[in-house]
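Please read the following note beside the sequence and the model.

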Amino acid sequence: MMWGYGGYGSMWWMIVVQVLIAAVVIAGVAFAVIALARRTDPVASAGPGSPCTILEGRLARGEIDEQEFQRRSSLLMKP
């Protein structure tokens, strides 16, 4: 009989390696999905809020002037 050198006693490291490989593959797939979702979703890059809130933020940061803000606000308010 084999009691540790080739029997089931030396198989524990294979299980550990398989679990580690599975964890790396799952983490890689999750990372790829999240990265692609962030890159292709324009709403996620704009941040939370309504279009008016985003427009107000752009005015506050100085990205647009008051005339541009009024013009775009009036476009948003049209039915």
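1. E68 and R72 are joined through their side chains by a salt bridge of 2.5 Å, N to O; a salt bridge is a side-chain nitrogen of Lys or Arg within 4 Å of a carboxyl oxygen of Asp or Glu. Both residues lie in helix α4, four residues apart, about one turn of the helix. Helices (H or I, at least four residues) are DSSP runs, numbered from the N terminus.

2. This is a predicted model, in which local features need pLDDT of at least 70 and side-chain atom pairs count only at pLDDT 80 or more, while totals for chains, interfaces and linings use all residues. Residues are numbered from 1 along each chain as its sequence is written, and side-chain values use heavy atoms, with hydrogens and water left out.

3. E68 also forms a salt bridge with R71, where the closest N and O atoms are 2.7 Å apart. R71 counts as partly exposed because its relative accessibility is 43%; buried means under 20% relative accessible area, exposed over 50%, and partly exposed in between (1.4 Å probe, protein chains only).

4. A salt bridge of 3.0 Å, N to O, connects the side chains of E63 and R61. R61 is exposed at 56% relative accessibility, whereas E63 is partly exposed at 46%. A network of salt bridges links R58, R61 and E63.

5. How do helices α3 and α4 pack? Helix α3 (residues 51–61) and helix α4 (residues 66–77) pack at an angle of about 175°, with their axes 10 Å apart. The axes are lines fitted to C-alpha atoms, for helices over the stretch in contact, and angles run from 0 to 180 degrees between N-to-C directions. The two helices are therefore roughly antiparallel, a term for angles over 145 degrees.

How values were computed: Parallel < 35°, antiparallel > 145°, perpendicular 65-115°, else oblique.
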